[in-house]
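Me: I would like to learn how to read aromatic pairs in a model. Could you take me through them step by step?

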Amino acid sequence: KGLVDLLAAIRTHHNYTYRHSMMVCGYLTSFCMLLGIQGEELQRLSIAGLLHDIGKARVPPELLDKPGALNEEEWVIMRQHPEHSRQILKNSDVHEDVRDGATHHHEKMDGTGYPDGLTGAQISDFARMVAIADVFSGLTEKRAYKSSMSDEKAYEIMCSMTTHLDQDLVRVFEPVALNMA
């Protein structure tokens, strides 16, 4: 499948996930420009932002829109979306870096993330950057189960996520988060 087909799959399945993916793409593109990333690498990271949640096209919309906390069984289903992303993108024409970002954006620096339990240096810079843009977007957007928060509060929370996010990259992300770039 090509990029247009993949984006259409997200848009037609769940409009919020589609909008969230657009925001993550925008944050990643700004992050890349701040870091001086250009050309094909910039394009790959931007596409990774667009497709990072493609696996949610296989998660029931009623779960994605649930207004309250997910129960344990629902979390098991939700946590499968990165593996679904891996499977969907395996047979697509996207670059391996895009597949990596979509598959591993929920890995954590301390190894407690998913789907593969990667730790520290096992997590690519691509996946680390996607994770930062995804978390920031998730914190600042209004969702069915929570209200939005200010960019400042979201960035403060990200700075406290020392076992989750690469803090060196979080510090570099500050101008993007606080609209200083």
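Me: How many aromatic pairs does the structure hold?

Reply: A pair of aromatic rings is described by the distance of the centres and the angle of the planes. Rings of Phe, Tyr and Trp (its six-membered ring) pair if their centres lie within 6.5 Å, and planes under 30 degrees apart count as stacked, over 60 as edge-to-face and the rest as tilted. The structure holds 3 such pairs.

Me: What should I keep in mind about the model itself?

Reply: The model is predicted, with local features requiring pLDDT of at least 70 and side-chain atom pairs pLDDT 80 or more, whereas totals for chains, interfaces and linings use all residues. Residues are numbered from 1 along each chain as its sequence is written, and side-chain values use heavy atoms, leaving out hydrogens and water.

Me: Are Tyr 27 and Phe 136 buried or exposed?

Reply: Both Tyr 27 and Phe 136 are buried, where buried means under 20% relative accessible area, exposed over 50% and partly exposed in between (1.4 Å probe, protein chains only). Phe 31 and Phe 173 also pair edge-to-face, at 5.0 Å centre to centre and 75 degrees between the planes, and both are buried.

Me: Which residues form one aromatic cluster?

Reply: Tyr 27, Phe 31, Phe 136 and Phe 173 do.
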